[in-house]
Structure formats: C-alpha cells, structure tokens
Amino acid sequence: MIRKIYLLAIVSIISCTAAMAQETIDVHFNALGFMDNREYKPFVLRSHTYNGIRTELDFGFNLDSLNHFVFGANGIHEFGAQPYFLKVNPVAYYSFTGKSWLFNAGAFPREGLLTDYPRALLNDTLRYYRPNIEGLLARVHNDHFIETGWIDWVSRQTNTDREQFIFGFSGKYKPAVNGMFYVSHYFMLEHDAGAAVAVPNDNIRDNGGGQIRLGLDFGHKTFLDSLSVEAGGMMSFERVRGLDGFQKPAGFVANAYFGYHRFALYDEFYKGEGHHIMYGDAFYEKKTYNRMDIIWTPFLYNRFKGQFILSFHQTPGYQMSNQEAFRITFDLGRRVLERLKD
C-alpha cells in the first residue's frame, strides 16, 4: 500500500504540468466548539466532561488547480485551562486535487477524510485532541466507488519515545450509481515499536481492526429526508511479537440512521467477542453493546451548524450509560486573497 501511495506522489508531480492556471494565495478558517459530558457506568475512569474550542487557520499557495501548498496552525483551548492553548498543532502539507484523485503529504486536518470511520475503530475524541493526520493520504473515486489509504505517524522514535504509527484504508462501492445497495469497508492497524534504547521484555505490538458492511440507502424514497441501514462483520487484530500470534475476536455489527428535517435518530448494535482496540471506543470491549443517538440541529445556517446529541449506551450487567453533547462548527471555506501575476 505504501508503494502505491509514493507512486501516486510521483504521478501528481508529473501531472502538475497538465493544468496551467494563475497562481493564487487563499485563506481558510474553521472552528469546532464542544461540550461533551460522558457518564459511562462500565468505565468510571473514562467518565469525563470535555469542554473546549478548536480553531484552525491556514493559508494556501496554489500553483494551479491541481497543486497546493498549505501552511497554518490548529489550536485547542479547554475551558478553564491554563495556559490558554492546551496544544497548537502545525498545519503544513502538499495537496494534489485532481478530478478523480486526492493526495496529501505532511500535517493536514483529518476532518472530512477519516471522520466516517466507525467509532469502534477510531474513537470520536480524536476529533477533539488529534485533529491532524501527520503522514500521507491518497484517495481515488468515481461514480461507483471511493477508496482511501493513509498512514499517520503518532510518535517518532528517540531514546525515550516509542515509534508508533497507524495505517489503514477504507472505501465504499455502489454497483448502480442511482441504486440503494452499497458495500463499505474500514481497516486500521497501529504499529507500536520500542524506543531506540532497547528495554528488556519490551516487545513490538500490533493492534487494530476492521469492518465490512452491506448497506441500503433509501435516500428520499420514503417520507423521511434520509434513511439508511447497514449490517456486517467486525474483526480486531492484536499481537505481541515474540510472545503470541494475532488474536482475532469477531462479531456482528448493524446500524440504522433516520433523518427528518432537523431531527435524526442513529442506532448502532454489536454482538460477538470483546475487542481491545487502542484507538477504538471502549464499549466494544463488551460482548453486547447498543448505542442510540437522538440528534437535534437547531442552528443551521450557511457554513454554521449547532447540534445537540443525547446518547444512551447499553451493555448487559450495567445500568444504562448516558452522554450529552453540544457541538458548534463553522467553516469559512477557502477564500482567495491574492492572484499573482507571472
């Protein structure tokens, strides 16, 4: 997969001569405000209230319609915290945006690229605390399918820091462009190696998982604005090299989404063996789990959206867990600041 990504990089560089357009400089700004209270009965230590705001500002230098260099920063402030910014992540990447291809290299926002991953594989708190992918991403698409491959470096190896990176791929295929049926898949794996200075009994670890789903999207074929159902299988992979082989627990997943005007209902269900995925939702450690989201979007105007989400988590042997979240998002889009002359 990595060879294919580097091959795409070479193709994108060669292709830059195919599109001659005036060079421009643009600006992009977006913000995410969140108040997310979680009362998890099976995971008392994970019952937190996340409150804060994340803002991202960057400037793009566009050689033409295909080739772009983007530089900026993405910072988070948690309400009541000192200093003001908990962390500021640099944004610096090259982007090739062709008719059927997207290729990013550097440190770039994950929003809109990996946000469709199931929470079982990539927890939604990554949206708050790890907003960028630091590595490579390639996407190819047409009317029938979309496929994305990526690699994200989490930690660079030093004498004390471990070498850690995540890679994965996801996609969706529709046999008929206007049909209801589709197949989707998601996969990710974390490679966790040791520090540069060897430590006794410190082994390399691999941890991840995947899902394959069959789905039906009814679109506007009912009185609802949107209706979709999915069902499929999930498997996770975990091993400690030198001690054991891959452990591969598996199970059944299903979900349904109903949307009508500014109200929506989303339900996801899991049944099978328990999973231990480092970046996944902890509830999937349980053998049976159901989550229901009641969603209300009272604020929706142009590039601004405010949304309330009330979530109920059920797993046998525990009282129902609850979660209340309110999120505000704003995205200015890319605005041209200057058109450069030859």
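So, Phe-181 has Leu-216 as its bridge partner in strand S10. S10 covers residues 205-217, and twelve bridges join it to strand S9, residues 181-192, the two running antiparallel. Strands count as paired if DSSP finds at least two bridges between them. S10 also runs antiparallel to strand S11, residues 226-240, with 13 bridges joining them. There, Ile-212 stands opposite Gly-233 in S11.

Quick housekeeping. This is a predicted model, where local features need pLDDT of at least 70 and side-chain atom pairs count only at pLDDT 80 or more, while totals for chains, interfaces and linings use all residues. Residues are numbered from 1 along each chain as its sequence is written, and side-chain values use heavy atoms, with hydrogens and water left out.

Okay, salt bridges. How many does the structure hold? There are 16, each being a side-chain nitrogen of Lys or Arg within 4 Å of a carboxyl oxygen of Asp or Glu. Take Asp-26 and Arg-334: their closest N and O atoms are 3.0 Å apart. Asp-26 sits in strand S1, residues 24-39, and Arg-334 in strand S16, residues 321-339, so this pair ties together parts 308 residues apart in sequence. Buried or exposed, for Asp-26? Buried, at 7% relative accessibility, whereas Arg-334 is partly exposed at 38%. The cut-offs are under 20% relative accessible area for buried, over 50% for exposed and partly exposed in between, with a 1.4 Å probe and protein chains only.

Arg-334 also meets Asp-58 in a salt bridge, at 2.6 Å from N to O. That one links Arg-334 in S16 with Asp-58 in strand S2, residues 49-62, which are 276 residues apart. Asp-58 counts as buried, at 1% relative accessibility. And salt bridges that share partners join Asp-36, Arg-38, Asp-124 and Arg-327 into one network. Within it, Arg-327 and Asp-36 meet at 3.5 Å, N to O, and both of those residues are buried.

Now the rings. The whole structure has 26 aromatic pairs. Rings of Phe, Tyr and Trp (its six-membered ring) pair if their centres lie within 6.5 Å, with planes under 30 degrees apart called stacked, over 60 edge-to-face and the rest tilted. Tyr-117 and Tyr-186 have ring centres 5.5 Å apart and planes at 65°, so they are edge-to-face. Tyr-117 is buried, and so is Tyr-186. Trp-296 and Phe-308, with centres 5.7 Å apart and planes at 20°, are stacked. Trp-296 is partly exposed, at 40% relative accessible area, and Phe-308 is partly exposed at 35%. There's also one aromatic cluster, made of Trp-153, Phe-165, Phe-167, Phe-169, Phe-187, Phe-237 and Phe-246.

Two charges sit over rings, too. The charged end of Lys-172 is over Tyr-182, 4.2 Å from the ring centre, and Arg-46 lies over the face of Phe-43 at 5.9 Å. The test is NZ of Lys or CZ of Arg within 6 Å of the ring centre and within 35 degrees of the ring normal.

Last stop is the loop between strand S3 (67-78) and strand S4 (87-97), where you'll find Phe-85. Phe-85 is partly exposed, at 39% relative accessibility.

Definitions and conventions:
Helix = DSSP H or I, 4+ residues; strand = E, 2+ residues; numbered from the N terminus.
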